[in-house]
Every structure is written in structure tokens, then in C-alpha cells.
Amino acid sequence: MVYVKAQKSKAYFKRYQVKFKRRREGKTDYRARIRLINQDKNKYNTPKYRFVVRFTNKDIIAQIISASITGDIVLAAAYARELPRYGLEVGLTNYAAAYCTGLLLARRVLKMLEMDEEYEGNVEATGEDFSVEPAESRRPFRALLDVGLIKTTTGNRVFGALKGALDGGLDIPHSDKRFAGFDKEKKELDPEVHRKYIFGGHVAAYMKMLIEDEPEKYQSHFSEYIKCGIEPDGIEALYKKVHAAIRADPSLKKSEKQPLKEHKRYNLKKLTYEERKAKLIARLQALNSAADDEDDE
């Protein structure tokens with residue numbers, strides 16, 4: 001019999017340390033997280049805020065979060081599902097919607113901190129890089145971009161949300177190298193291309209292409225746009241109205257809870273002692289009256 005050397009001895013398993021749960025699940029990059037949440041010792045308990053952006057199949061989540069020893073604390077949040085309130089009914093997960101969500105969060109958190117009038121940000125989105133300048137009284141609200149496990153490729157939607165937050169008046173350290181429209185060869189950002197993405201120009205161009213080449217595919221792919229009466233030429237004007245509406249009222253609207261529906265019962269309701277007693281008396285009375293009727297006959 002061939003001798004097989006044990007590769008992992010008992011000592012190995014005794015010293016084995018299980019990784020954090022969210023690392024095992026592949027949800028958190030702890031190497032990146034540590035660098036984002038570590039605070040200088042001389043700043044004591046001052047919160048270090050992160051601008052967190054996450055994408056689902058049907059929604060965009062943007063939050064301002066700070067870490068504490070008991071867990072993360074959310075200061076403010078904005079969702080793409082709130083955008084229908086501002087006039088954007090469809091296309092809630094594209095680059096332009098990410099910009100709107102970032103803008104909504106920025107204006108909301110500044111209004112919460114009573115800094116919205118002091119820091120208006122970039123009112124007209126031109127596509128050019130913008131960084132907020134500090135005012136005389138209060139410094140701008142600073143946060144660090146947290147992209148999670150998203151691949152930070154040029155033109156990724158997460159940078160659309162970043163651009164919205166910057167234009168909204170937040171101070172986020174960044175570079176323009178990852179915005180849509182950055183030319184790798186020239187090493188500079190093309191503001192016109194970036195502006196086109198902010199106002200949904202890439203969607204409008206695709207719509208026009210499908211209308212000319214594949215009308216049937218256009219009818220199926222953009223059925224919700226057709227229902228809402230959105231034409232390719234009207235997309236830019238639509239986003240301008242949405243941006244203005246967000247700046248006019250970024251406050252969070254509490255959802256009205258619907259009353260609980262009464263579910264249909266498929267089993268008998270449990271009776272109390274008094275109800276069972278009354279039911280038995282009624283049955284006995286019915287039996288006695290039936291017996292009396294038989295005797296009379």
C-alpha cells in the first residue's frame with residue numbers, strides 16, 4: 001500500500017479561522033471597506049461618510065452611510081423608484097436615471113443639514129467635470145464613493161450617480177477618467193458625449209435606430225415608453241423637467257400604508273367558551289322542540 005502524506009494535519013484545522021460571513025457570501029470586499037471606514041485617531045468619533053451606490057434589476061439605491069462599532073448608520077437614502085414622483089415613469093436603471101438618483105440624494109441630504117441654499121451645486125448639467133467650492137461659513141458635505149463589487153469601467157452607471165451627487169452639491173473626491181465620454185487616447189473628457197448620457201441621448205439614439213431598422217423590436221423593447229407617450233426627440237426635455245422637479249422638492253415622502261385586507265377563511269372560526277355553550281343550548285332546544293312536535297302528531 002502506498003504511503004499518503006496528510007497535507008492538512010490536525011494542527012491546521014485547529015488553527016483554521018473562518019472568514020467573515022459577508023466575505024463567504026461574496027457580498028463585501030473587506031479590503032476596500034477597511035480603507036473607506038478607517039478614521040484618524042485624532043478625529044475621535046467623527047463619522048466618516050460614504051456615498052454608497054448599488055444597482056438591482058429594477059432599482060438604483062443611493063445612500064449616505066457612516067460606520068459605527070454597532071453597525072452602519074444611514075443618514076439619508078434615495079431610490080430610483082421615487083423618480084416617477086418627479087415625472088420619470090420609465091427607464092429607471094439607466095445612466096440618466098442614475099444621475100437623477102444621485103442628484104436627488106445630494107439635494108435631500110443638504111436640505112436635511114440646512115445647507116441646500118449655500119451649496120446649490122451645478123444647476124445646469126453641461127457634462128463638464130464639477131467640484132463644489134467651499135463657502136465662507138460651512139465646509140461642503142464630504143463623502144467617499146463606495147462602489148462595492150461593481151467593476152469600475154469607463155462609463156459605468158455608478159459614475160452617473162456620482163456625477164449627479166457632484167452636481168447636487170456634495171464634495172466627493174473623484175477623477176473624470178471614468179465618466180462616460182472620456183477619451184483614453186486624448187486623455188480628456190468630452191463634455192458633449194457625457195451630457196448626451198446625462199440627458200438620455202444614448203437611449204434616444206437607440207430608439208431612432210430601431211424605429212428605422214427594426215420597428216417590431218422597437219414596439220416590444222420600448223413598449224412602456226410608447227404607453228407613456230415618450231418620443232426620442234422629447235427625452236432630453238423630459239430629463240430637464242425631472243432635474244428641476246428634484247431641485248424644487250427633494251424631501252422624502254412617506255408612503256401611505258394600505259389597510260390590511262381581510263383574508264378569506266377556509267376553516268371554521270374558533271369559538272369561545274360562551275359561544276360554544278350558547279350553541280349547545282340552541283341545539284338542545286331545537287331537538288326538544290322537534291321531539292315535542294313528534295309527540296303532538
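1. Start with the middle of the fold. The largest nonpolar core has 59 residues, with Phe51 and Leu170 making the most contacts inside it. A nonpolar core here is a set of buried Ala, Val, Leu, Ile, Met, Phe, Trp, Tyr and Cys residues joined through side-chain atoms within 4.5 Å. At least two residues of this core come from each of β1 (49-55), β2 (60-68), β3 (71-79), α4, α5 (157-168), α7 and α10. The top contributor is α4, which gives twelve residues. In soluble globular proteins, nonpolar side chains tend to be buried together.

2. Before going on, a word on what you are looking at. This is a predicted model, where local features need pLDDT of at least 70 and side-chain atom pairs count only at pLDDT 80 or more, while totals for chains, interfaces and linings use all residues. Residues are numbered from 1 along each chain as its sequence is written, and side-chain values use heavy atoms, with hydrogens and water left out. Helices (H or I, at least four residues) and strands (E, at least two) are DSSP runs, numbered from the N terminus.

3. Have a look at Leu170. Setting aside neighbours within four places in sequence, Leu170 touches Ile64, Ala106, Val109, Leu110, Val132, Phe141 and Ala165. Contact means heavy atoms within 4.5 Å.

4. Next, the α4 and α5 pair. Their axes come within 6 Å and cross at roughly 35°; axes are lines fitted to C-alpha atoms, for helices over the stretch in contact, and angles run from 0 to 180 degrees between N-to-C directions. The crossing is right-handed, that is, the near helix is turned clockwise from the far one by less than a right angle. On the α4 side the residues that meet α5 include Tyr95, Gly102 and Arg107, and the α5 residues they face include Phe159, Gly164 and Asp167.

5. Asp167 is buried, at a relative accessible area of 0%. Buried means under 20% relative accessible area, exposed over 50% and partly exposed in between (1.4 Å probe, protein chains only). Leaving out neighbours within four places in sequence, the contacts of Asp167 are Tyr99, Leu103, Glu120, Gly121, Asn122, Ala125, Phe130 and Arg247.

6. Then α10. This helix (residues 235-248) has 14 residues and reaches 20 Å from its first C-alpha to its last, close to the 20 Å expected at 1.5 Å a residue; the expected span is 1.5 Å times one less than the number of residues. Ile235, Leu238, Tyr239, Val242, His243 and Ile246 of α10 are buried. They sit on the same side of α10 because they cover an arc of only 135° around the axis, taking directions from the helix axis to the C-beta atoms. The buried residues pack against α4 (95-112), α6 (191-198), α7 (201-213) and α9 (223-227). Exposed Lys241 and Ala248 are on the face turned away from the buried side.

7. Most residues other than glycine have a negative phi. Glu114, though not a glycine, has a positive phi of about 60°; it lies in the loop between α4 and β4 (144-146) and counts as exposed at 68% relative accessibility. Lys187, also not a glycine, has a positive phi of about 60°. Lys187 is in the loop between β5 (182-183) and β6 (188-189) and is exposed at 67% relative accessibility.
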